[in-house]
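Below is a short briefing on one protein model.

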Amino acid sequence: AAQPADAFAVGTCMFMMLTGRPPWGKANLSDEVFCYVDANGLPAILRAWGMPAMPPAAEEVVLGLTCADPSRRLSSRAALECPWFFS
């Protein structure tokens with residue numbers, strides 16, 4: 001099974017594929033954008049950038065995989081069970 005950090009990386013890559021840009025420079029609290037996303041969520045950064053929202057089913061997967069709390073982060077198995085992969 002994938003480790004929580006691996007799932008986070010997959011979620012970050014999915015965000016980049018869906019939006020065409022990385023969500024932050026570094027995934028740590030020294031990065032201003034990462035702090036903004038940690039406090040407000042990925043949908044908020046898309047709005048701040050003037051970008052459209054991700055499709056709801058894709059957003060569910062990306063948000064679940066990039067959850068800051070590893071104990072609440074989607075596992076790879078749970079992510080693959082999300083409806084987006086079946087639509």
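Which residues form a nonpolar patch on the surface? Leu80, Phe85 and Phe86 do, with about 350 Å² of accessible area together. This is a predicted model, in which local features need pLDDT of at least 70, side-chain atom pairs count only at pLDDT 80 or more, and totals for chains, interfaces and linings use all residues. Residues are numbered from 1 along each chain as its sequence is written, and side-chain values use heavy atoms, with hydrogens and water left out.

**Surface patch**
- Patches are made of residues with over 30% relative accessible area and no salt bridge, where like charges are joined within 9 Å and nonpolar side chains (Val, Leu, Ile, Met, Phe, Trp, Tyr) within 5 Å.
- A salt bridge is a side-chain nitrogen of Lys or Arg within 4 Å of a carboxyl oxygen of Asp or Glu.
- Accessible areas come from the Shrake-Rupley method with a 1.4 Å probe, and for residues only the protein chains shown count as cover.
- Phe85 lies in the segment after helix 5 (76-80); helices (H or I, at least four residues) are DSSP runs, numbered from the N terminus.
- Phe85 has a relative accessible area of 38%, so it is partly exposed (buried means under 20%, exposed over 50%, partly exposed in between; 1.4 Å probe, protein chains only).

**Leu65**
- Leu65 lies in helix 4 and counts as buried, at 3% relative accessibility.
- Not counting residues up to four places away in sequence, the contacts of Leu65 (heavy atoms within 4.5 Å) are Ala7, Phe8, Val10, Gly11, Met14, Arg73, Leu74, Ser75 and Ala79.
- Ala53 is twelve residues from Leu65 in sequence, and their C-alpha atoms are 17 Å apart.

**Thr12**
- Thr12 is placed in helix 1 and is buried, with a relative accessible area of 12%.
- Neighbours within four places in sequence aside, Thr12 is in contact with Pro23, Trp24 and Thr66.

**Ends of helix 2**
- At the start of helix 2, the backbone nitrogen of Val33 has a side-chain oxygen of Asp31 within 3.0 Å.
- Gly41 follows helix 2, and its phi is positive, near 95°.

Technical notes:
Helices (H or I, at least four residues) and strands (E, at least two) are DSSP runs, numbered from the N terminus. A polar contact is a pair of N or O atoms within 3.5 Å; within protein, one must be able to donate a hydrogen and the other to accept it, and residues adjacent in sequence count only if both atoms are side-chain atoms.
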